Every structure is written in structure tokens, then in C-alpha cells.
Amino acid sequence: MENTMRTIRFHEYGEPTDVLCLDEVAIPEPGPGRIRVRVRACGLNPVDWVTCQGHFAAQLPLPRGIGLDVAGIVDAIGEGVTDVATQWGRW
């Protein structure tokens, strides 16, 4: 599907190996001051694991993605972003 992407996230809290799943979701547009990165590689760190287990639950609604340590290509820029360009140049 052209307007969707794959993402790893969880819909309930528990051990990461029990709750992480591969979902297909709509591709988000970046809001003001934000960028969107087409991820090529992702690393999971200890904070990701404890987030799955329910730490920070009050601040993070479900479903929730993990993996903020990413490498990829900026493919969209939100309004007001001035110091980043997409791989095709500034929009």
C-alpha cells in the first residue's frame, strides 16, 4: 500500500518479546517544527525495553512505537523547520 508504512509497536504492556508486533499504519505528516525520517536502521536501547514493560505509562498512550535510535533519510519537513533538508532539497 502506497500510503502506509510498517512499524514495530505494542498495544499492551509486558515483556518486549511478548508484546512487540509489526503493524501497518498510515504514513504520518510531520507537524510544525518536526521532520519525518524514512528509517533504514533502528536500534533498541534499555529505555525501549522498560517502556514496553510499562514504565512512563502515564505519559505515553497506547499503541506506542519504540526505537528512537534511528538512521535514515529525511523525507518530509514540517512548517518552520529551517536547518534540515530532504534528500531532494528543501521543500
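In which strand of the protein chain is confidence lowest, and in which is it highest? The model is predicted. Mean pLDDT is lowest in strand 4 (residues 64-65), at 90. Strand 2 (residues 21-26) has the highest value, at 95. Across the protein chain the mean pLDDT is 89. A pLDDT of 70 or more is reached by 95% of the residues.

The whole structure contains 4 salt bridges. One of them pairs Glu-29 with Arg-36, at 3.3 Å from N to O. Glu-29 counts as exposed because its relative accessibility is 61%, over the 50% cut-off. Arg-36, at 17%, falls under 20% and therefore counts as buried. Arg-36 also forms a salt bridge with Asp-75, with the closest N and O atoms 2.8 Å apart. This pair links distant parts of the chain: Arg-36 lies in strand 3 and Asp-75 in strand 5 (residues 69-77), 39 residues apart.

Asp-75 is buried, with a relative accessible area of 7%. The side chain of Asp-75 meets that of Arg-38 in a further salt bridge, at 3.4 Å from N to O. Here too strand 5 is linked to strand 3, the two residues being 37 apart. Arg-38 is partly exposed, at 44% relative accessible area. Through shared partners, the salt bridges join Glu-29, Arg-36, Arg-38 and Asp-75 into one network.

Strand 3 also contributes to a nonpolar surface patch. Ile-35, Val-37, Val-39 and Val-70 make up this patch of about 270 Å². Strand 3 (residues 35-43) supplies the largest share, 3 residues. Ile-35 belongs to strand 3. At 38% relative accessibility, Ile-35 counts as partly exposed.

Note on methods: Residues are numbered from 1 along each chain as its sequence is written. This is a predicted model: local features need pLDDT of at least 70, side-chain atom pairs count only at pLDDT 80 or more; totals for chains, interfaces and linings use all residues. Side-chain values use heavy atoms; hydrogens and water are left out. Patches are made of residues with over 30% relative accessible area and no salt bridge: like charges are joined within 9 Å, nonpolar side chains (Val, Leu, Ile, Met, Phe, Trp, Tyr) within 5 Å. Accessible areas come from the Shrake-Rupley method with a 1.4 Å probe; for residues, only the protein chains shown count as cover. Helices (H or I, at least four residues) and strands (E, at least two) are DSSP runs, numbered from the N terminus. Buried means under 20% relative accessible area, exposed over 50%, partly exposed in between (1.4 Å probe, protein chains only). pLDDT is the predictor's confidence in each residue, from 0 to 100.
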